[in-house]
Amino acid sequence: VLIGGPRKANDFAYEGCLRLELDNPRDAAVAGYKHGVGCVVMHTPPFFSTARWLGSNVKSIAYDYGEPEPYFFADALARRVEIREKNLCLEMADAVFAISESVKAEAMNERMGVIPLANSHLAHWNSDSQAIRANKREALGLTDRHVILNVCRFHEGERRYKGIDEYVNLRN
């Protein structure tokens with residue numbers, strides 16, 4: 001298994017996988033040919049465009065997480081162009097899947113299937129969790145308060161489309 005994409009300081013370790021530093025879709029296609037892969041799975045822009053470079057010798061699967069509405073961001077025009085490019089390249093992929101029915105509905109791609117995203121690394125709520133939660137809320141003086149945790153990137157655009165500012169307004 002080859003894992004490719006831009007290198008980040010907080011990358012996960014991919015045991016048993018070869019990690020390739022790839023910064024653009026052309027380099028991803030070249031790496032696919034160089035390493036003799038049979039299939040490339042593309043998850044995010046700009047890597048959906050890898051399908052442009054692969055041709056018919058290497059199979060491609062697009063796995064779409066969806067994109068936020070461009071108007072939430074200062075670079076809305078560039079994001080609209082990126083979405084048009086993504087939609088074009090989804091048509092070039094051999095198979096296309098979304099992480100959910102709602103992402104599929106937004107994509108309006110007739111041949112798109114759904115493979116639900118499986119976050120097996122997330123904690124599961126159980127009776128032990130209930131006791132920990134009650135103790136922590138008491139220790140913090142929050143037994144009579146609503147507590148919300150929203151986990152996301154906090155760039156300006158993400159704050160708007162993920163509703164962080166609305167949480168702040170609710171608090172006030």
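Reader: How many salt bridges does the structure hold?
Author: Glad you started there. This is a predicted model, where local features need pLDDT of at least 70, side-chain atom pairs count only at pLDDT 80 or more, and totals for chains, interfaces and linings use all residues. Side-chain values use heavy atoms, without hydrogens and water, and residues are numbered from 1 along each chain as its sequence is written. With a salt bridge taken as a side-chain nitrogen of Lys or Arg within 4 Å of a carboxyl oxygen of Asp or Glu, the number held by the structure is seven.

Reader: What is the partner of K86 in its salt bridge, and is K86 buried or exposed?
Author: Side chains of opposite charge can pair when their charged atoms come close. The closest N and O atoms of K86 and E67 are 3.2 Å apart. This pair links distant parts of the chain, 19 residues apart: K86 lies in helix α3 (residues 76–92) and E67 in the loop between β4 (59–64) and α3, with helices (H or I, at least four residues) and strands (E, at least two) being DSSP runs numbered from the N terminus. The partner is E67, and K86, at 5% relative accessibility, is buried.

Reader: Which side chains of strand β5 are buried?
Author: Along β5 (residues 95–98) the side chains alternate between two faces.

Reader: Which residue is the bridge partner of A98 in β6?
Author: Strands pair if DSSP finds at least two bridges between them. β5 pairs in the parallel sense with β4 over four bridges, and D64 stands opposite A98. β5 also pairs in the parallel sense with β6 (residues 113–114), over two bridges. There, the partner of A98 is V114.

Reader: Through which helix does the chain cross from β5 to β6?
Author: This β-α-β crossover is right-handed: with the strands pointing away from the viewer, the path from the first strand over the helix to the second runs clockwise. β4, α3 and β5 also make a right-handed β-α-β unit. Between β5 and β6, the chain passes through α4 (residues 101–107).

Key. Buried means under 20% relative accessible area, exposed over 50%, partly exposed in between (1.4 Å probe, protein chains only).
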